[in-house]
Amino acid sequence: MSDAGPGRARTTLDRAAGWLLDASVGERIAIATASTALALSIGVVVVALAGYDPAAFLRNVLVGAFGDANALARTLKFTTLFVLTGVAVAIAFRAGVFNIGVQGQFVVGGFATVVAILWLAPLLPTGPVGGVSLMVVGTVAGVVAGGAYGALPGILKAYGDANEIVTTIMLNFIATGVVGYLVDGPFRGEGNRAPNTARIPEYVSLPRLVFDVPDFSVVGLAVTLVVVVVVASLLTRTRFGYDMVTSGHQTAAATFSGVNARQTVVATMTLSGMIAGVAGAVFAIMIQGYYSDPAGIGTYGFDAIAVSLLAANNPLGVVPAGLLFGGLDSAGSHIRINSDVPVQLIDGINGLVVLFVAAPELFRMVAARTGLGGTDE
Amino acid sequence: MTLGDRGTQLRLGAAVGLVLLALAAAVALDWPLADIMTIGFVERALQAATPIALASIGGLYAEKSGVFNIGLEGFMIFGAANTGALVWIVGGESPTQGDLWAAMALAVAISVVYTILFAVLLIRYKANQIVAGLAVWFIGLGFGPFTAALVWGNRNSPGLVSVSDVTVPGLVEIPVLGPILFDTSPLVLLTMLVAVAAWVFLYRTRYGYWVQAAGENPEALDTAGVNVTRVRYASVIFSGMMAGFAGAVLLAHAGSFTGTGQTMVNGRGWIAIVAYLFGNYNPLGAAAAALLFGGLDMLQIQFQTVGIEFPNRLVNLFPYAAVVVVLTVWGSTQMPAALGESYESEE
């Protein structure tokens, strides 16, 4: 690569982008399906080995995910979070930056949302106008906080050469610890026995459309889908997105064509953290209405890694992958109440999905061995 | 690549400088230093460092051979959960020391089986090493607490048994060193021996050179007639075994299993990775770095005893913050040249 001119770099760049855009989508879907099926089968085997009825387990999974309106609302609630956090992960992974810190950015963003709303609520009129303004301001606060918390490891990577996998994992622990300390002490709501902030006002909530449940609104899902479309077009249709993706996969070529690798890393991490901040804001406003000790909050930012990988880090693919994981989590809530199978199994299955997605060769070889055209196991 | 090379010296110098700076700050702030740096503190720090050091030594062997085992954290969770479950199965309500050692041995054996599967995925099926390693962590986070829930009906175990201290008669009389080294968990001494053995093996034996060559220059090793793939398999399996052992040691020191949150391993596997980066891939350096993190982990108790007002929850974050600082200041380490690349012999 020593004497490659800009022209050659450009060709390499184009080839890389072309490969990324039209790499056999079919094969990826097949691998994702096979990975999920294999992971679920192992889960069912474990259930049987542990002495439970696997058929009942599968029935509980289906009923828990899509059984009735309540189950569906719960599935869509989790889906909303998984899609947003999944998109946050996908942005970074696509650019070759391993942001494992979405959980921390999600926590910091959600906490900032609650704090901003609590601070500004007395200054604004009550009612729908105040409610909408507070939600907007709160979301902006979440986006800024999440983005800043994502930018930090980006800067450390770009200018200090600090491996972002490890720094973001450490920053997750730090976010959980610090926010946990804040909600326990300085930010604990007056008279609260539990370590929680005060509740945000009743009128700061999304309208109950279609589903009459307190913690899911179709509006939240709609906002999420808008975010998906915006991010997808940003990545595929703008110069910025193009630079981000190519610098992740063809670092040298991208540098030759004038992309500043360091700035791109920081920008990627910031954008990724901002979307995680949106997820945090949605969680704070739509689901919880206050902030509690993050150690007790779901690990959406971790599961998002599985969601994104399953979607081959494609923001549009994150929607079906998020629905799958939303369904699994919702099934988990159902299983927790209606069955003796320890619900941690669902987390284990998520991990297995990631493991198999990491090894596409496994499925290619099996497919080649068995002479199947597809890659179903 | 021994203790004498420049990178290691730089690191040693920097570490000593950091400690001196911390001491100076403590004196300036008028902290009762003598009350903080007690023999009990050093003993606790050593115990806390043990699992990190063991996992770190394993991880550096894998990385030296050219395979990044980022799954240390997950293998530690399995090691801890399996040891806890096995102690309970073997020893019931009141397990003995013998039951504990048997459970640890069995748990390490199970870790070896898991790591063989992992190694096959990484080496034979060329799985993405980073993603597969993360997956091990997630699988551990799921199935570790799952195991606990199956065995105890709860993600946390009841009190089981912790390893009892071994007192060496005579040697324990040595001032300062005696109580620290010869009246403590036998696992601390064992870890020190492992660290020295790992150093000798890596830098003073033919096999150690094979491990290094597999990561630095696999072609040359292949030309010399050594099977690169086999060396890598051995190194990765060793790393998983050590991480499993590290988890077992963690449980043996704690005396019970905690599966809530990020489980009782709580990031130690990740800190182990930083420990060997900081230790410049040197087993002794990694052990020393582990001691630094172990000491930070135990600072909380010292703060409480001398009455320094600082919220516990925040003191607990010191090791994580230290990791971020260490990585930023000494981030660009000399990684093995062929790290992460799969190697195919041209036969």
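These legends describe close-up views of a predicted model. Residues are numbered from 1 along each chain as its sequence is written, while chains are lettered from A and ligands numbered from 1 in the order in which they are written. Because the model is predicted, local features need pLDDT of at least 70 and side-chain atom pairs count only at pLDDT 80 or more, whereas totals for chains, interfaces and linings use all residues.

**View 1. Confidence along chain A.** Over residues 1-5 of chain A, pLDDT stays under 50. Where pLDDT is low, the predicted coordinates should not be read in detail.

**View 2. The side of chain A that touches chain B.** In this interface 40 residues of chain A are in contact with 37 residues of chain B, two residues being in contact if their C-beta atoms, placed from the backbone, lie within 7 Å. H7(A) gives the largest share of the chain A side, eleven residues. By class, that side comprises 27 nonpolar, ten polar and three charged residues, where Ala, Val, Leu, Ile, Met, Phe, Trp, Tyr, Cys and Pro count as nonpolar, Asp, Glu, Lys and Arg as charged, and the others, Gly among them, as polar.

**View 3. Surroundings of A:Pro342.** A:Pro342 lies in the loop between helix H13 (318-338) and H14 of chain A, and touches B:Phe146, B:Ala149 and B:Leu150, not counting residues up to four places away in sequence. With 27 other C-beta atoms within 10 Å, A:Pro342 is buried (20 or more such atoms within 10 Å of its own C-beta, placed from the backbone).

**View 4. Helix H12 of chain A.** Eleven of the eleven residues of H12(A) are buried, so this helix is largely enclosed by the rest of the structure. H12(A) is followed by A:Ala312, whose phi is positive, near 50°.

**View 5. Packing of H9(B) with H11(B).** Helix H9 (residues 206-216) and helix H11 (residues 228-254) of chain B pack at an angle of about 105°, with their axes 9 Å apart, which makes H9(B) roughly perpendicular to H11(B) (65 to 115 degrees). B:Trp210, B:Val211 and B:Ala214 of H9(B) make the contact with B:Val228, B:Val231, B:Arg232 and B:Ser235 of H11(B).

Definitions and conventions
Helices (H or I, at least four residues) and strands (E, at least two) are DSSP runs, numbered from the N terminus. pLDDT is the predictor's confidence in each residue, from 0 to 100. A residue is buried if 20 or more other C-beta atoms lie within 10 Å of its own, exposed if 12 or fewer, and partly exposed in between; C-beta atoms are placed from the backbone. Axes are lines fitted to C-alpha atoms, for helices over the stretch in contact, and angles run from 0 to 180 degrees between N-to-C directions. Angles under 35 degrees count as roughly parallel, over 145 as roughly antiparallel, 65 to 115 as roughly perpendicular and the rest as oblique.
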